[in-house]
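Welcome to my notebook. I kept these entries while finding my way around a structure that was new to me.

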Amino acid sequence: MNVPSALRSAADQLCLEWPDGHVTELSHIRLRAACPCSQCRAARLQGRIDTAPSEVRLQAINPQGYGVQLVFSDGHDRGIYPWSYLRGLA
């Protein structure tokens, strides 16, 4: 499994540094809009593309082994983002 060697949130971006030297920077808004929870995924499959509020920010980062749970300022905390999913969002 490809797990980042460093993970940090600064300003409005989540930065992941990977063992191969690759750096992934993802905006909090992009992460919220790409939430992989079942509710958000179902909405995207039904063609409902909800945009995240422009002021949404990460409030907490909770490692879960195979990925990370992200808690957002709009109260959403249901998605666990697998490491491979985060790398693919770049």
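**Entry 1: Leu26**

I began with Leu26, which touches Asp12, Gln13, Leu14, Leu16, Leu31, Leu86, Leu89 and Ala90, not counting residues up to four places away in sequence. Contact here means heavy atoms within 4.5 Å. I looked up the place of Leu26 and found it in strand E3. Its relative accessibility is 3%, so Leu26 counts as buried. For that word I used these cut-offs: buried is under 20% relative accessible area, exposed is over 50%, and partly exposed is in between, with a 1.4 Å probe and protein chains only. I also noted Leu16, which is ten residues from Leu26 in sequence and 8.5 Å from it in space, C-alpha to C-alpha.

**Entry 2: What I am looking at**

I reminded myself that this is a predicted model, in which local features need pLDDT of at least 70 and side-chain atom pairs count only at pLDDT 80 or more, while totals for chains, interfaces and linings use all residues. Residues are numbered from 1 along each chain as its sequence is written, and side-chain values use heavy atoms, with hydrogens and water left out.

**Entry 3: The whole chain**

I found three helices and six strands in the chain. Helices (H or I, at least four residues) and strands (E, at least two) are DSSP runs, numbered from the N terminus. Along the sequence their pattern reads β-β-β-α-α-β-β-β-α. The radius of gyration is 13 Å, close to the 12 Å that the globule rule gives for 90 residues, so the chain is as compact as a globular protein of that length. That radius is taken over C-alpha atoms, and the rule is 2.2 Å times the number of residues to the power 0.38. I also noted the box that the C-alpha atoms fill, roughly 35 × 25 × 20 Å along the principal axes.

Next came burial: of the 90 residues, 34% count as buried. Among the contacts with a separation of 6 or more, 39% are between residues 24 or more positions apart.

**Entry 4: His28**

How accessible is His28, buried or exposed? With a relative accessible area of 1%, His28 is buried. I placed His28 in helix H1, residues 28-33. Leaving aside neighbours within four places in sequence, I listed its contacts as Ser9, Ala11, Asp12, Gln13, Leu14, Val56, Arg57, Leu58 and Phe72.

**Entry 5: Ala11**

Ala11 was on that contact list of His28, and I looked it up next. Ala11 is found in the loop between strand E1 (6-10) and strand E2 (13-17). Its relative accessible area is 72%, so Ala11 is exposed. I marked its backbone too: Ala11 has a positive phi of about 55 degrees although it is not a glycine.

**Entry 6: Two residues in one loop**

The loop between strand E5 (67-72) and strand E6 (80-82) holds His76, and Asp77 is also in the loop between E5 and E6. His76 has 10% relative accessibility and counts as buried, whereas Asp77, at 35%, is partly exposed.

What does His76 touch, not counting residues up to four places away in sequence? I wrote down Arg32, Cys35, Cys37, Cys40, Leu70 and Val71. With the same exclusion, Asp77 touches Gln69, Leu70 and Val71. Asp77 and Cys35 are 42 residues apart in sequence and 9.3 Å apart in space, C-alpha to C-alpha.

**Entry 7: His22**

His22 sits in the loop between E2 and strand E3 (23-27). Its relative accessible area of 33% makes His22 partly exposed. Leaving aside neighbours within four places in sequence, His22 is in contact with Leu16, Glu17 and Arg87. I also looked up Pro4, which lies 18 residues from His22 in sequence and 9.4 Å from it in space, C-alpha to C-alpha.

**Entry 8: An aromatic pair**

The ring centres of Tyr81 and Tyr85 are 6.2 Å apart and their planes are at 45 degrees, so the pair is tilted. Rings of Phe, Tyr and Trp (its six-membered ring) pair if their centres lie within 6.5 Å; planes under 30 degrees apart count as stacked, over 60 as edge-to-face and the rest as tilted. Tyr81 counts as buried at 0% relative accessibility, while Tyr85, at 26%, counts as partly exposed.
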